[in-house]
Amino acid sequence: MLSKDILSREILSRQFSNNTLFNSGDSKLMDRIAGRAALVTAILATLGLSSAAFAGGRPDAVISGLNAGRAHEAGELLIKFRDGTTATDQDGVRRGMGAQKLDVVRQGRGGKGEMALMRLPAGADLAGAVRVLSANPNVEYAEPNWTYQHTAVSNDTYYTNGSLWGMYGDATTPANQFGSQAAEAWAAGHTDCSGVLVGVIDEGIYFNHTDLAANIWTNPYDPADGVDNDGNGYVDDIRGWDFDGNSNNINSGGATDDHGTHVSGTIAGVGGNGTGVAGVCWSGVKLISGRFLGRRGGTTANAIKAVDYFTDLKTRHGLNIVATNNSWGGGGFSQGLQDAIGRANTAGILFIAAAGNSGANNDTTASYPSNYPNANIVAVAALASNGSLASYSQYGATTVDICAPGSAVFSTVPVSSKGAIASGYASYSGTSMATPHVAGAAALYASSHPGANAATIKSAILGSAVPTASCNGKVVSNGRLNASGF
Ligand SMILES: [Ca+2]
Ligand SMILES: [Ca+2]
Ligand SMILES: [Ca+2]
């Protein structure tokens, strides 16, 4: 045993010194904070061995994400308890870890196991805890609370020339063949998206913006009376919910909700009003906010709540929520988030996701959430106005679906003016900006094809893509968005 322990310490010391996840290379400190089980599993991980058979989740992917240094909330774990476990079982797991329960992410109704957010004691080894918990019969899976950032790059040309090239087509004036062709759909009389709703999972939305206010949803099921009339757990969610700040103010970030406001204007900026910009869907469409990105980004726990919020609205009220726009990414693999996107798929909600801005190939380096295998995901790469794939845009012949305008995209933002917030416009670049062109196109398609299901809308969008040299071999469709093609 002695020799084994010495060997263990040597292996652990080497591992710790090479691993950014561990804040200290001090083996005495690690001895204090790491339990024997964590020690054993860490050694197994070092040697490339697996311990018990895992019944749920993908602890291998989770741990490789941790080892790669993917961003997460320190010391936090999301734990999905196995269906059929009792509250006593679940509390036993919590106490066994010496953990504090921070939140219930998904309630365990009707025998379903709860998903809880836990905080481990300071200095705890998350990867070791994931391994130990994954072998616990009361636990389906455990994973870090990954953190995400929006995927825009500001090019700081506020109030620039107003060239809205992303909406142009080859036959519009002005023209740009690499635009989304939305203006050709408008020219054919298709500007009204009445009856269609889109969820914006992002920062909040400056909902009083002159080019957005008419297209912001008002919840008919939960008027502002201090009561959760529709029983979804969110009191007076009149325009959506702020999962980051846990309030009904979808603009709690004030002027810092610029990214969420920008993507909103590309989907649903009010057109034909003689001012500012126009979204792919000019009118009739309604945006619902799932604000989960705050000043420091967002977490898996809040992303899951936001995705489930829209699924619940559609499932219980029959709202025609066609898609959510997800211009964000980061973190590692999350079974919890993949399952939430799966529930959205069951409800017929497309999950339009940014491919990311690191320039990498997502086929070889997974990027989440766009890389999850769910059928309802449409992953979007970014084009520049000259038709080239943007230098920052991630791509993937099997993992990214389509290209869309992403660079120098002009849209709505809140601006600070003498202590108040006012309506402004700005030009941003990123796969964040490409994504809402596709979300808007999904809404446009749904409005002209009532009853079309999510799979039909996705295949129509991919099937009408215009073959494009810069996207050939880089995305599934080998082409770029064509909103006038359906
Ligand atoms: Ca409510
Ligand atoms: Ca209410
Ligand atoms: Ca306008």
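Reader: Which residues does Ala442 touch, not counting residues up to four places away in sequence?
Author: Two residues are in contact, or touch, if their C-beta atoms, placed from the backbone, lie within 7 Å. With residues up to four places away in sequence left out, Ala442 touches Val322, Ala323, Leu350, Ile352, Ile457 and Ile461.

Reader: What kind of model is this, and how are residues numbered?
Author: Residues are numbered from 1 along each chain as its sequence is written, while chains are lettered from A and ligands numbered from 1 in the order in which they are written. Local features need pLDDT of at least 70, side-chain atom pairs count only at pLDDT 80 or more, and totals for chains, interfaces and linings use all residues, since this is a predicted model.

Reader: How much of the chain counts as buried?
Author: A residue is buried if 20 or more other C-beta atoms lie within 10 Å of its own, exposed if 12 or fewer, and partly exposed in between. Of the 486 residues of the chain, the buried share is 54%.

Reader: Is Pro450 buried or exposed?
Author: Pro450 is placed in the loop between α11 and α12 (454-463). Its C-alpha atom is separated by 9.2 Å from that of Gly195, 255 residues apart along the chain. Because Pro450 has 9 C-beta neighbours inside 10 Å, it counts as exposed.

Reader: How does Tyr221 count by its C-beta neighbours?
Author: Tyr221 lies in the loop between β6 (197-202) and β7 (240-242). Leaving aside neighbours within four places in sequence, Tyr221 is in contact with Asn229, Asp230 and His317. It has 15 C-beta neighbours inside 10 Å, so Tyr221 counts as partly exposed.

Reader: How many helices and strands are there in the chain?
Author: Residues 24 or more positions apart account for 74% of the chain's contacts with a separation of 6 or more. As for the elements, the chain has 12 helices and 18 strands.

Key: Helix = DSSP H or I, 4+ residues; strand = E, 2+ residues; numbered from the N terminus.
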